[in-house]
Amino acid sequence: MPKNRPGGGLTGTQQAAKFLGVSVLSGAVLAGIALPAAGALGLAAKGTVQGFDEIPANLKTPPLSQRTTILDSKGGQIATVYSRDRTVVPLKDISPYIQKAIVAIEDSRFYEHGAVDLKGVLRALNRNAQSGGVSQGASTLTQQYVKNVFVEEAGDNADKVAQATQQTLGRKIQELKYAIQVEEELGKKKILENYLNITFFGEQAYGIEAASQRYFSKSAKNLKLEEAAMLAGVVQSPSRYDPVNDTQEATKRRNTVLQRMAQVRDISQAEADRAKATPVTLKISKPKNGCITAVNGAGFFCDYVREVFLSDPVFGKNKTDRAKLWNRGGLTIKTTLDPQAQKSAQESIKSHVYQTDSVATAVTMVQPGSGKIMAMGQSRPYGFGKTETQINYSVNKQLGGSNYGFPTGSTFKPFVAAAAIEQGKPPTQVYPAPYKMPYPAVQTCSGKPWVNTGNDQVPNENKSEVGPYALKEAMAKSVNTYFVQMIADIGMCPVMEMTSKMGVVQGNGEKLPEVPAISLGSKGLSPLTMATAYATFANRGTYCTPTAIESIATADGKSLQVPKSTCDKIMSERTADTINTLLRGVIDSGTGQQAGLQSRDNAGKTGTTDARRNAWFVGYTPNLSGAVWVGSPTQQVKMENITIGGVWQQKVFGGQVPGPIWRDAMTGALDGQAAPPFVTVPIPDPPKEDKDKGKGKPGGGKPGDNRGQGNGGQQPWPGISLPPGVIGGNDRGQANGGLSGGRP
């Protein structure tokens, strides 16, 4: 005999019976309460079974989680991403066979009863009373739909999923109330459509369209009778009746569905028999989920798009809201990626640096004037294998990149030159630029000088590189001591202000440190940062923030707001034109000759860091900017006596390995595109006699040595004015951290 609940009152079974009786008397039709013995109801002592009117009336039906499609700028598919592989389709695009099959096997009286099936309830109660447990349920299709909505709302939260599927009387009554509301608001056909779109069919397929594609590689509207019956049979237990893993069990279940369809007269017995005799024939489409499936090596760009979506406030007030929108999916995201540029970048990467090499390369291209990211790729593919990675070498850490970026070497020097020119220094500026010198004292933004307390030295790449040099030749030859003297002359603040306006931050997101070694690229930056900054020169002094997303449409065709590039004039056109003229010289006659393009104006700068752990080439045309980095992601490989891309290199220089990668990538990316010229400025060479003085001739003295043998202790280069401390250092005492020598 059933016992009373603790504290007195009716037992769970008695409450259910009372609830059922009251509901019948009031004209409501109940179903779905398959009651076990009283002690197993899982009811709390108070308030679990509330009065009918006390149950909340609002059923929140969330938009169904669907796959999101990421497209390139021409509409080609890059990848699909989803938390649920689902494509919602209207009932008119679903085969009548699957509509009939699912109703026949799950709720054959679906069109005859309301939200609940009284006959089903009574039958279930009788069977369960006889068995002493839950041997039969009575949930209608509508109730099943409501439960699936709860599960969908729970997402991937295991606790919420458990709550949504718990077999308690309180949960059943809640489902009943919501089922009644759904019947009133949606009607039978819409309920069936929603059910077929929300239900899980196994093999990562949610909804009938995804299931049809997964098992048969066809649309749901084209399902045959035997195919529809098989899919309808899977719903009850997707793991048990999975035709991929157990064809025999799936066939038995399919035949059960076919026979049931014949019994309810959806098909004739002859049709059922013919379908039963047809072997299960699958045409499996493997799930393609995530950026790992991206085409043309665009996996890292795909991942960058996801990171932008999850971090930009335009897509939600906080990270939770943005993640919810992303996981809900159903979006069509059109990006800025140019398929021609991306293909060219990947082909160049593969021909110059192998996936299995001890070093890697990353290439990023940006469109000047718009900030659009046109290409993004690297030699180590997106993945989890030995020579694969999920780290995007092209971007900063907060958007999926490396922890610190990669030291840029001499590719930083144009920023120093631009700051100096903006400060009024002429493009003919001359500095002594000895082969080697201590870092000089430099004024910082705080007004306090940075002082070389450790007497750290900065050398040029070659001992033959001895000044004096003017800016044009110093840039072409990438003379380290020249740019250290330049930054000492103008101070750190103009350089900090210039780079800040150009979006230049370290790979970890921190600001650049105020040390003179920054002029030689001692700190880590990302290829995207460099390509975007150099695009400012190509765009004649206007910097545009990088952008990857052009438009987003929701599943119902609505447009979402997307982050836009912002463009600001951060230097004069004259300054930018001067830099363009200087960097043309790098390619024409300087360290970047191997990188030059033959058919159009182009400019760029090489860079190599200490011990040759990093090599760069950053260059541009008026309509495309590109950055190429080569090195070890762990910074452990010195690129000397090394084979890269099947070619042995005694010493790697920026113009030697990164330069040709840039050349080939840009050539293909710009094929068929306009070839506008740069606006250049005349930069005269210094008089030859000034160049010859102080270079080992009698009486000339050693560059940087004010003893000036034979000149009475006067300056060794007449007409050159040097600011205090440019040659040599002092010991007024301040930490000097972050020193590193740059190379061409």
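Guide: In this predicted model, helix 12 packs against helix 13 (residues 319-328) at an angle of about 135 degrees, and the two axes lie 8 Å apart. Helix 12 is therefore oblique to helix 13. On the side of helix 12, the residues that meet its partner are Arg306, Phe309, Leu310 and Ser311. Helix 13 contributes Lys319, Arg322, Ala323, Leu325 and Trp326. Sorted by class, this contact comprises five nonpolar, one polar and three charged residues.

Cys291 is joined to Cys302, with an S to S distance of 2.1 Å. Cys302 lies in helix 12 (299-311), while Cys291 lies in the loop between helix 11 (269-276) and helix 12, so the bond ties together parts that are eleven residues apart in sequence. The torsion about the S-S bond of Cys291 and Cys302 is about -70 degrees, and the disulfide is therefore left-handed. Cys291 and Cys302 are both buried.

Asp303 is a further residue of helix 12. Its relative accessible area is 5%, so Asp303 counts as buried. With residues up to four places away in sequence left out, Asp303 touches Cys291 and Tyr382.

When the bonded cysteines are counted along the chain, the pattern is 1-2, 3-4, 5-6.

Another disulfide joins Cys445 to Cys493, with an S to S distance of 2.3 Å. The torsion about the S-S bond of Cys445 and Cys493 is about 115 degrees, which means that this disulfide is right-handed. Cys445 sits in the loop between strand 9 (442-443) and strand 10 (449-450), and Cys493 sits in helix 18 (residues 492-501); the pair links distant parts of the chain, 48 residues apart. Cys445 has a relative accessibility of 36% and therefore counts as partly exposed.

Helix 18, which holds Cys493, also contains Thr499. The relative accessibility of Thr499 is 1%, so this residue counts as buried. Apart from neighbours within four places in sequence, Thr499 is in contact with Phe412, Phe415, Val504 and Leu512.

The remaining disulfide joins Cys544 to Cys567, with an S to S distance of 2.1 Å. Here the torsion about the S-S bond is about 115 degrees, so the disulfide of Cys544 and Cys567 is right-handed. This pair links distant parts of the chain, with Cys544 in strand 14 (residues 542-544) and Cys567 in strand 17 (residues 567-569), 23 residues apart. Cys544 counts as buried because its relative accessibility is 6%. Cys567, at 38% relative accessibility, counts as partly exposed.

The axes of helix 4 (residues 141-154) and helix 6 (residues 169-186) come within 8 Å and cross at roughly 110 degrees. Helix 4 is therefore roughly perpendicular to helix 6. From helix 4, the contact involves Thr142, Gln143, Tyr145, Val146, Lys147 and Phe150. From helix 6, the residues include Arg171, Lys172, Gln174, Glu175, Leu176, Tyr178 and Ala179, as well as Val182, Glu183 and Leu186. By class, the contact of helix 4 with helix 6 has eight nonpolar, three polar and five charged residues.

These parts may finally be placed within the whole. The protein has 22 helices and 23 strands. Of its 744 residues, 54% count as buried. Among contacts in the protein with a separation of 6 or more, 71% are accounted for by residues 24 or more positions apart. The accessible surface of the protein comes to about 31,700 Å², and 49% of that surface belongs to carbon and sulfur atoms.

How values were computed: Residues are numbered from 1 along each chain as its sequence is written. This is a predicted model: local features need pLDDT of at least 70, side-chain atom pairs count only at pLDDT 80 or more; totals for chains, interfaces and linings use all residues. Side-chain values use heavy atoms; hydrogens and water are left out. A disulfide is a pair of cysteine sulfur atoms within 2.5 Å. Helices (H or I, at least four residues) and strands (E, at least two) are DSSP runs, numbered from the N terminus. Buried means under 20% relative accessible area, exposed over 50%, partly exposed in between (1.4 Å probe, protein chains only). Axes are lines fitted to C-alpha atoms, for helices over the stretch in contact, and angles run from 0 to 180 degrees between N-to-C directions. Angles under 35 degrees count as roughly parallel, over 145 as roughly antiparallel, 65 to 115 as roughly perpendicular and the rest as oblique. Contact means heavy atoms within 4.5 Å. Ala, Val, Leu, Ile, Met, Phe, Trp, Tyr, Cys and Pro count as nonpolar, Asp, Glu, Lys and Arg as charged, and the others, Gly among them, as polar. Accessible areas come from the Shrake-Rupley method with a 1.4 Å probe; for residues, only the protein chains shown count as cover.
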